[in-house]
Amino acid sequence: VGPELDAEAARARALLAAHEGDPQRAEQWFRRAIDLFRELATPFPLARSELQYAELLAELGDREDDLGKLGDEAEAIFERLAAGPWLARAGALRERAAA
């Protein structure tokens with residue numbers, strides 16, 4: 001199994017754990033996915049994982065500093081990549097967090 005697939009599997013496990021109501025396990029898998037995508041220097045999957053993790057933190061109402069850092073980095077990457085729908089999603093998260 002290649003490293004890209006390992007990273008995607010970690011992200012999928014994070015999403016599944018979040019869906020199943022296990023935020024602690026979700027956070028563990030999101031951190032793993034983010035670390036792997038960062039090592040692979042794959043900006044879009046990295047930003048997607050950061051944004052999804054930030055969305056989880058926003059739902060939990062937890063760790064505003066981490067949420068802001070993850071959201072800001074993801075938004076900057078989406079802007080650089082001109083990833084319009086994902087940029088809009090990051091903007092919506094920023095608005096929710098500010099409310």
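This is a predicted model: local features need pLDDT of at least 70, side-chain atom pairs count only at pLDDT 80 or more; totals for chains, interfaces and linings use all residues.
**Entry 1: helix α2**

I began with helix α2, which covers residues 23–40 and has 18 residues. I checked its length against its residue count. At 1.5 Å a residue, α2 should span 26 Å, and its end C-alpha atoms are 25 Å apart, so the two values agree.

I then asked which residues of α2 are buried. They are A26, E27, F30, A33, I34, L36 and F37. I next looked up what covers them. The cover includes α1 (3–19), α3 (43–60) and α4 (64–81).

Finally, I looked at what follows the helix. After α2 comes A41, and its phi is positive, near 55°.

**Entry 2: the pair α3 and α4**

Two packed helices are described by the angle between their axes and the distance between the axes. I looked up both for this pair. The axes of α3 and α4 cross at roughly 145° and come within 8 Å. I noted the crossing as left-handed.

I then listed the residues that meet. From α3 the list has P43, F44, L46, A47, R48, E50, L51, Y53, A54, L57 and A58; from α4 it has D66, L67, L70, G71, E73, A74, I77, F78, R80 and L81. Sorted by class, this contact of α3 with α4 has 15 nonpolar residues, five charged residues and one polar residue.

**Entry 3: Q52**

I turned to Q52, which lies in helix α3. Is Q52 buried or exposed? Its relative accessibility is 10%, and buried means under 20%, so Q52 counts as buried.

I looked for its partners next. Leaving aside neighbours within four places in sequence, Q52 is in contact with R11, L15, F30, W86 and R89. With R11 there is also a polar contact, side chain to side chain, at 2.9 Å.

**Entry 4: Y53**

Y53 is also placed in helix α3, and I had already listed it among the α3 residues that meet α4.

I asked how far apart Y53 and F30 are in space. Their C-alpha atoms are 6.1 Å apart, although the two residues are 23 residues apart in sequence. F30 is one of the buried residues of α2, and I had also noted F30 as a contact of Q52.

My last item was a polar contact of Y53. The side chains of Y53 and R31 are joined by one of 3.3 Å.

Methods: Residues are numbered from 1 along each chain as its sequence is written. Side-chain values use heavy atoms; hydrogens and water are left out. Helices (H or I, at least four residues) and strands (E, at least two) are DSSP runs, numbered from the N terminus. The expected span of a helix is 1.5 Å times one less than its number of residues. Buried means under 20% relative accessible area, exposed over 50%, partly exposed in between (1.4 Å probe, protein chains only). Contact means heavy atoms within 4.5 Å. Axes are lines fitted to C-alpha atoms, for helices over the stretch in contact, and angles run from 0 to 180 degrees between N-to-C directions. A crossing is left-handed if the near helix is turned anticlockwise from the far one by less than a right angle, and right-handed if clockwise. Ala, Val, Leu, Ile, Met, Phe, Trp, Tyr, Cys and Pro count as nonpolar, Asp, Glu, Lys and Arg as charged, and the others, Gly among them, as polar. A polar contact is a pair of N or O atoms within 3.5 Å; within protein, one must be able to donate a hydrogen and the other to accept it, and residues adjacent in sequence count only if both atoms are side-chain atoms.
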